Amino acid sequence: MAKENKPESWENENLWESIQDAFCGVRHILTHHRNARIIFLSAIFNVAVGLYLKISNLELFVLGVAIMVVFIAEVINTLIEDLSDLITREYNPKIKLIKDVAAGVVLVAVGFALVLGYFVFFNRILALWKGV
C-alpha cells in the first residue's frame with residue numbers, strides 16, 4: 001500500500017517556498033475562475049489603452065489602484081465561495097447571504113473602478129472620437 005506524501009505542516013520552510021506558493025495561488029485563480037480571467041484581461045486592456053492615450057503617471061497609478069481593488073475583491077469573493085462550499089454543498093440561506101454579500105463587494109469595487117476609469121479616460125476618448 002502506497003504511503004501518501006502529506007506535509008507535516010502548512011508552514012513553509014523559507015521565503016522562496018512562500019513566494020512559489022503565492023504564485024501557485026495566483027495561477028490557480030487565473031486558470032480556474034472565469035471572472036478573475038476577465039478582470040486580468042480587462043486590466044491588460046485598460047493599461048494598454050492608458051499607455052496609448054499617454055495618461056499621466058498619476059492617472060496610471062489611479063488605474064492600477066482601481067484594478068487591484070477589483071482583483072482583490074474577486075479573490076476574497078472566490079475564497080468565501082470556496083470555503084462556503086467546503087462547509088456544505090446543500091442549500092443554506094445563511095451561506096447564500098454570505099456569498100451574495102461577497103459578490104456585492106466585487107460589484108462595489110467594479111463601480112469604484114468604473115468611476116475612476118471615467119475620470120481617467122472619458123475626455124481623452126471623447127477628443128479622439130471627435131478627431132481633436
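Mentor: Let's start with terms: on a 1 Å grid over the protein atoms alone, a pocket is an open set of points with protein on both sides within 12 Å along at least five of seven lines, and lining residues have an atom within 4 Å of a point. By contrast, a cavity is a set of points where a 1.4 Å probe fits but cannot get out. Bear in mind that this model is predicted: local features need pLDDT of at least 70, side-chain atom pairs need 80 or more, and totals for chains, interfaces and linings use all residues. Numbering runs from 1 along each chain as its sequence is written, and side-chain values use heavy atoms, with hydrogens and water left out.

Trainee: Which residues lie nearest the centre of the largest pocket?

Mentor: Ser-42, Asn-46, Val-70, Val-110 and Ala-113, out of 20 lining residues. Two or more residues come from each of α2 (34–52), α3 (57–87) and α4 (93–130), and α4 gives the most, with eight. These helices are DSSP runs (H or I, at least four residues), numbered from the N terminus.

Trainee: How do the residues of that lining divide by class?

Mentor: Into 14 nonpolar, five polar and one charged. Ala, Val, Leu, Ile, Met, Phe, Trp, Tyr, Cys and Pro count as nonpolar, Asp, Glu, Lys and Arg as charged, and the others, Gly among them, as polar. So Val-110 and Ala-113 go in the nonpolar group, while Ser-42 and Asn-46 go in the polar one.

Trainee: Why is the pair of Tyr-118 and Phe-119 called edge-to-face?

Mentor: Rings of Phe, Tyr and Trp (its six-membered ring) pair if their centres lie within 6.5 Å; planes under 30 degrees apart are stacked, over 60 edge-to-face, and the rest tilted. Here the centres are 5.4 Å apart and the planes sit at 75°, so the pair is edge-to-face. Ring pairs also link Tyr-118, Phe-119 and Phe-122 into a cluster.

Trainee: What makes Phe-119 count as buried or exposed?

Mentor: Its relative accessible area is 62%, so Phe-119 is exposed; the cut-offs are under 20% for buried, over 50% for exposed and partly exposed in between (1.4 Å probe, protein chains only). Tyr-118, at 44%, is partly exposed. Of the chain's 132 residues, 22% count as buried.

Trainee: How does the chain's radius of gyration compare with that of a compact globule?

Mentor: The chain has 20 Å, whereas a compact globule of 132 residues would be near 14 Å. That radius is taken over C-alpha atoms, and the globule rule is 2.2 Å times the number of residues to the power 0.38. The C-alpha trace spans about 75 × 40 × 20 Å along its principal axes.
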